[in-house]
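Hello,

Here is the structure I promised to hand over. Please have a look, then read on for what turned up.

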Amino acid sequence: MTSTTTADTAPAEPTEDAGSAGDRFDRDDLPTPPGATGALLRSLLRPMRARVALIALVLLVQQLSVQAGPLLVAYAIDSGVPAFRDAEYGPLIAVAVGYALCSAVAGGTQYAFVRVSSLVNQDALLDLRGRIFRHAQALSVDFHERYTSGRLISRSTTDVESLRELLSEGLQELIGVVLSFVSISLMLLWLDFGLGSLAVLSFVPLYLLVRRFQRRAGVLYAERSSAIAAVIVKFAETMNGIRPVQAFRREPVNDAHFEGLNNTHRWTNGSAMLEMGRYVVGSRLVANTAVAGIVLWGAYRVASGTLALGVLAAAVLYLRRLYDPIDRLGMFLNSYQSAAASLEKIAGLLAQTPSVPEPSDPRELPALTGEHPGREVVFDQVRFAYRTGGEVLPRFDLTVPAGQTVAVVGSTGAGKSTLAKLLARFYDPTDGRVLLDGTDLRDLAVPELRRGVVMVTQEAFLFSGTVAENIAIGSPDATRAEIEQAAKAIGAHDFISALPDGYDTDVRKRGGRISAGQRQLVGFARALLANPAVLILDEATSSLDIPGEQAVQRAMDTVLHGRTAVVIAHRLSTVEIADRVLVMEHGRIVEDGAPAELIAGTGRFAGLHRAWRESLT
Ligand SMILES: Nc1ncnc2c1ncn2[C@@H]1O[C@H](COP(=O)(O)OP(=O)(O)OP(=O)(O)O)[C@@H](O)[C@H]1O
Ligand SMILES: [Mg+2]
């Protein structure tokens, strides 16, 4: 809840400073290593090399068939018509047949292009979305605590979508435009070198216009992509926190903030369109000037007898075609800039490496001896600081023998959850080691670690699916009998059986909604079934009410039996089932002993316990 409040305290200014796009949203985007964007695009297209080559070939054939038109016209004027006057129809018939053929080829190749290119871009986008999902899922908790899920959603939706636009429409435009520029220039130069050179010269100002547009639009599109992400983040955050939002009447503030973000998005979009407009106007000006110059000069030469009329006619037709695609080039540049900005963001995301890397030489744990599943846990001179903020654990030493249940208490912010996250290896220590039966967690094979250490937290999360599936999350091979057995041991069987479809009740459907306390019981059953050597409970009983306390104690006894356990609890009754109590303050252990021993003493825990006892009576 604190995060909701702090995020909302940022003043929501109206539109007047919309020019400073981005001030209102988190610019902490991930840096993209140089060359990563191009490498990503190549790696997406590489598996489809053959198809991409086919597309280029199809477009080349299409260009040739389209560009043959004016040549046929020139031939008809300069040879066909004079021959026709001599009652010789061959040349004109040849022109007509040639024209029909060219049209047929142009149509056929267009169809072929659409077929092949849709396959290519569908495959590329499927691949990209899959990569984003897999990669984000593999990144460490540390990353997800910084980069919100809203931004991830934006990366895999709007950013992937703008790449789709580039691949489907943009690529055809680009290849088409480049091919027609090259082929038309060659035709013009071949028809008449002087006129052709003039046309080619006009490319210089056009090129400068393109560069200017690219430079300006690039910045705007990068901003736009962040702005869309900010809109989605705000949306997701508000709807996820809808209860505190409504409880604290945050709606008006949220509305204003959201409107600000939305306006930033609109502003970047509008500015990009404006740039596009400037480009189009500038390029038309250049094109019209060039056409006027060429036509005037050509007409003068026809009049003075140094140029055939047919050649001038063909040249004018070619010129129109030459400058026609310039608007389309603008469209392409537009989608290119937008896709490049998106691709860069995606590449930045994909370049992130897990801060908790998999071991290069993974080790297995020694086989368990004895009937109990517990293993020894050692914190060896551990120091830890989050990426942001000061040191949370200054120098932490702790040995928990196999099978021992340790309760950790201490004031809020003492570092209890941090301790738990280090033991579950959501984070690695800044210095020192965490050992499981003598093996550094960093060297442990990932499946071994997941089997060995399980953490149950306050917000026992339910995934979409049935209750049974939720219990079996950590043990996909479990049979229904084993699932029910675990639920019975925890004391969750009764309420599960009372659900509309029992264990097969969908937890996201009507009637499948279960209370916070029931969710925690499901969390316990899940942990019991996973049967880890080390179990961490972080405030895992906080949603269970007092009448349920007896049942909770029994459930805990069952779950903890024989395991090494670290139980973080505000509730002192839970502490009584522990073999040992640690009192933590400011990342240090200030008291350590058996519960009875500490209660009898005069330390902090004795004081806490007395106060708790008194509160009960
Ligand atoms: N993801 C994080 N990034 C930066 N700092 C963090 C992060 N999580 C916790 N901290 C800081 O580390 C310190 C210890 O936090 P921790 O969550 O371990 O406390 P705790 O003992 O579990 O408290 P509580 O009893 O309230 O759950 C706090 O000062 C907190 O602000
Ligand atoms: Mg905590």
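Start with the surface. Leu198, Leu201, Val204, Tyr207, Leu208, Trp297 and Tyr300 make up a nonpolar patch there, with about 750 Å² of accessible area together. Patch members have over 30% relative accessible area and no salt bridge, and nonpolar side chains (Val, Leu, Ile, Met, Phe, Trp, Tyr) are joined within 5 Å. A salt bridge means a side-chain nitrogen of Lys or Arg within 4 Å of a carboxyl oxygen of Asp or Glu. Areas are Shrake-Rupley values with a 1.4 Å probe; for residues, only the protein chains shown count as cover.

The model is predicted: local features need pLDDT of at least 70, side-chain atom pairs count only at pLDDT 80 or more, and totals for chains, interfaces and linings use all residues. Residues are numbered from 1 along each chain as its sequence is written, chains are lettered from A and ligands numbered from 1 in the order in which they are written, and side-chain values use heavy atoms, with hydrogens and water left out.

Three helices, α7 (193-201), α8 (203-240) and α10 (251-303), each supply at least two residues of the patch. Helix α8 gives the most, with 3 residues. Helices here are DSSP runs (H or I, at least four residues), numbered from the N terminus.

Leu201 sits in α7. Its relative accessible area is 54%, so Leu201 is exposed (exposed is over 50%, buried under 20%, partly exposed in between; 1.4 Å probe, protein chains only). Leu296, in α10, is exposed too, because its relative accessibility is 65%. Leu296 and Phe461 are 165 residues apart in sequence and 77 Å apart in space, C-alpha to C-alpha.

Now the ligand. The shell around ligand 1 has 4 nonpolar, 7 polar and 3 charged residues. Of the 14 residues around ligand 1, Glu145, Thr412, Lys416, Ser417 and Thr418 come nearest (near means a heavy atom within 4 Å).

The backbone also takes part. Oxygen atoms of ligand 1 lie 2.9 Å from a polar backbone atom of Gly413, 3.2 Å from a backbone N or O atom of Ala414 and 2.9 Å from one of Gly415. The protein covers 65% of the 630 Å² of accessible area that ligand 1 has on its own.

Helix α13 (residues 416-423) gives the most to this shell, with 4 residues. That helix is mostly covered, with 7 of its 8 residues buried. Lys416 and Thr418 are among the buried ones. After α13 comes Arg425, with a positive phi near 55°.

Best wishes

Technical notes
Polar contact = N/O pair within 3.5 Å; in protein donor to acceptor, adjacent residues only side chain to side chain. Nonpolar A, V, L, I, M, F, W, Y, C, P; charged D, E, K, R; others polar. Patch = residues over 30% accessible without salt bridge, like charges linked within 9 Å, V, L, I, M, F, W, Y side chains within 5 Å.
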